[in-house]
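Please look over the sequence and the model shown below before reading the report.

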Amino acid sequence: MGFALTAALVFGGTLVLENSPEIVGAPAVVAHADTTPDTGKLGTCDYNFTSDGVLHIGAGTLPESPENTQTNRMYPKVSPFNDLIKGWQGMVTAISFDGMVKTPADASYLFQGLDSVNEGKGDYPVPNPQIKNWQNLDTSQTTDMTAMFMNSGQQTLDVSNFDTSQVTSMCEMFKANNDLTSNIVGLTSKSFDTSRVTNMASMFDNIGNGSFQVILDLSNFDVSKVNNEDVYKDDNDSFVGFGDMFKSSIANKLIVNLSNWKPSISLDDIFSNYYFNVPAYQVTLNGNLDLSKAGLIEIPTENFDGEALPYKGSWENKDDRYTGTDGQLTSAKLMALYGNNSDTRPQGNITYIWEPSVLPIKGQPVTVHYQDESGTTLQADSSLTGDAGETYTITPPTIKGYQYVENSDIQLTGKYSETDAIDVTLVYRLQPTPPVTPTTPGTSTDSSSSSSSESETSTPDETNGLPVARKDRTITAVKKLGLYRTPDFSKKTRQFYYAKQTRTKRPQFVITGVAQSKNGTKRYLVRDVTPNSKWYGKTGYITARKDFTVHTYYQATPKAVKVIGTKGANAYRSVTLKGHAKHYKRGTVLRVKKLKQHNLTTRLQLANGRYMTANKNLVIQK
C-alpha cells in the first residue's frame, strides 16, 4: 500500500496534509483494470488507496471528466474516478477528501456512475463508495455542474459548503440518486448560489429511496437566468429550462417549495410525474409562476391494488384543511389557476396540499424561540403548524455571527398535540472573532522577515497571558489532553482523550476559532489533522494553556535540524515543496540557511538552497 499523508501543508490559507516522503513519478490519472497502483495522482491531487477500502485524496485540483469513447455509450463523458476505482481488485467503500480539493471549471459528470464502480468485486449488491469530508471540496472555480452527482450512489449529499456563484448549468446535477437515505443537505445555504444558472432540467429527477419524504425547499433559489436555449447534454436527449426537474421522484409524498421564485420563463414540464403514485404531494407557489404546462398529474384516489387512498383527488390551500372548505382544484385546474396570464394568478406564497377525505384535527402550534446564552432574543419567533399526531421537524437556521448549541434535552422532532401548544427554545453561542496578527507597515511576509519568534507570530491574550494562535495555524499536543464538545469542560462534554505521544506521533490540530468557557477561560476550537489518526477530521474544543501545545511548525530559524520522520523527509526546489530534489533518511543532519514563510506555515531553506518542511514531527532542531 502507498504511504498515508503525514505532515501539514497550507494551500490558499487552508491546511491539508503533505506527503512525507512524497511519491514521485506516479501515473497521472487512470490505469487499466486490476493494474491501478495504490498511490498516484488524480489531476494534481495525490491519491492513496488503503487496505480498509478508502481512497484518500490530497490537496489539489481534480481533472475534468474525459470523453466517453465507448461505442454504445449512454453519456458523453465518464467520471475520472471510474477506471481508477475499477482498476483495484478490492472494493472502494469511501472517497475521503483529506485536503482542500478543488473541482475543475467543468465539473460535469465528475462523480457520475459511482453506483456501479464496484460491480464484479463481490456478491450483489456491492457497496457504493461514499464521499467523506464534503467540507474539503472547493467548488468556487466551477462553472458547469451538469450531471455532477448523477447515479453517484450516495446515501448523503451535502452541498452546504459549496460555492456555486460561478455555475451556469445544474442540469441533471442530482439525477437518479435513489440510494439517498435523507434529504440533500445545504440547498438553503447562502453559498449555494443559483443566480447564474441557465439550466435546471432534470436536476432532481428520481431522487430518494422511498424510505423518507423528499423535501426540496428551493425558496432561496434565484432562477431568473434559467432559459429555454437548446443545450445538448447526452446522446439521447436535449434538456432545457426546468424540464423534468422533479420527474419521477420515488418519494411517496414529494414536497416542493417554490416560494419567492421569479423565473423569466414558464415552468414547462417541471413536474412530469408519470408514476401513478408519486406526484408532488405539497407545493408552495407564488404569482410569478406560469404553470400552464407544468406537467402535474392528477392526484390518485386509489393505489395500484385498487385500494382507496384517503384523498379526494383535488388540491386545497393548506390553510383550509381544517375548515371543511372543498378545494375542488384538480391538477389541471391548479395549473390553469397559475396560467400564462399573470394578472389572474393568486399573489403571494401559497401552499397547496392534497385534500384529505376526512377532515383532519388541527394540532396546536409549535413555537420556536431563538436566543443567545444570556437569554437575549436573536430573531423573531417562528411557528410550525400541522395535523394532530403529524410529525414536525425543527431545523435550526443559520444566524449570522452565532453558532447553534446542540442540546440533547431539546427535542427538534416530535408530534403536534391536539390539546397542548409546544414551545422550543434554540440557543446560539456568539462565534469568536479570529484574532488578527498586527503587521507593521513596510514589513514583508517573505523570508527576510520570517525568522520572527513564536511570540511575535501570536496575539497575546491580555486577560490571562495565554498565546492565542492565529486561525488556521496548526498546533501539536505535547501532553495528554481532552477534546470536548463545548468550551465548558466536563465528563459530560468530553469526547475522548488524546494520550501523550512520542514526538513523531503527537496529535496535530488546526485552530479554526477561539472561544471562552462560561467562567471566561480561553479555549481553542480545533480540527484533528493528525495523519492516520482514527479521529482525523473530528472537531471540538481543547485547552489553550501554552504548556499543552506548541506550534507544529518552527517559528524561528534553527541553525541545523535532524530528520526524525520514520520515512525520512524530502527536499524540494521550490518553497511550495514542488520539484523533488532529494530524499534524506532518518538521522540526517542538515544546516539551515533561513526560515521561509509560505501562506500560514513555514519552510526550511537549507544551506544548499533546497526547501523542506519545518514540521517539528519530522525534523528536530540541533
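## About the model

This is a predicted model, in which local features need pLDDT of at least 70 and side-chain atom pairs count only at pLDDT 80 or more, while totals for chains, interfaces and linings use all residues. Residues are numbered from 1 along each chain as its sequence is written, and side-chain values use heavy atoms, with hydrogens and water left out.

## The chain as a whole

The chain contains two helices and 39 strands, where helices (H or I, at least four residues) and strands (E, at least two) are DSSP runs numbered from the N terminus. Of the 622 residues in the chain, 50% are buried, a term that stands for under 20% relative accessible area, with exposed meaning over 50% and partly exposed lying in between (1.4 Å probe, protein chains only).

If one takes the contacts (heavy atoms within 4.5 Å) between residues at least 6 apart in sequence, 68% of them join residues at least 24 apart.

Strands of a sheet pair through backbone hydrogen bonds, either parallel or antiparallel. Two strands count as paired if DSSP finds at least two bridges between them, and two bridges join β6 to β8 (residues 101-102). Thr61 stands opposite Lys102 in β8.

## The surroundings of Ser152

Ser152 lies in the loop between β10 and β11 (215-217), and it is buried, with a relative accessible area of 0%. The side chain of Ser152 makes a polar contact with the side chain of Asn177 at 2.6 Å; such a contact is a pair of N or O atoms within 3.5 Å, and within protein one must be able to donate a hydrogen and the other to accept it, while residues adjacent in sequence count only if both atoms are side-chain atoms.

Leaving aside neighbours within four places in sequence, the residues in contact with Ser152 include Phe111, Asp115, Pro129 and Leu157.

## Cores and cysteines

A nonpolar core is a set of buried Ala, Val, Leu, Ile, Met, Phe, Trp, Tyr and Cys residues joined through side-chain atoms within 4.5 Å. The largest has 80 residues, and among those touching the most other members are Ile57, Phe81 and Trp261; apart from it lies another core of 15 residues, including Tyr554 and Leu606.

A search of the whole structure finds zero disulfides, meaning pairs of cysteine sulfur atoms within 2.5 Å. Cys45 is buried, with a relative accessible area of 0%, and Cys171 is buried, with a relative accessible area of 0%.
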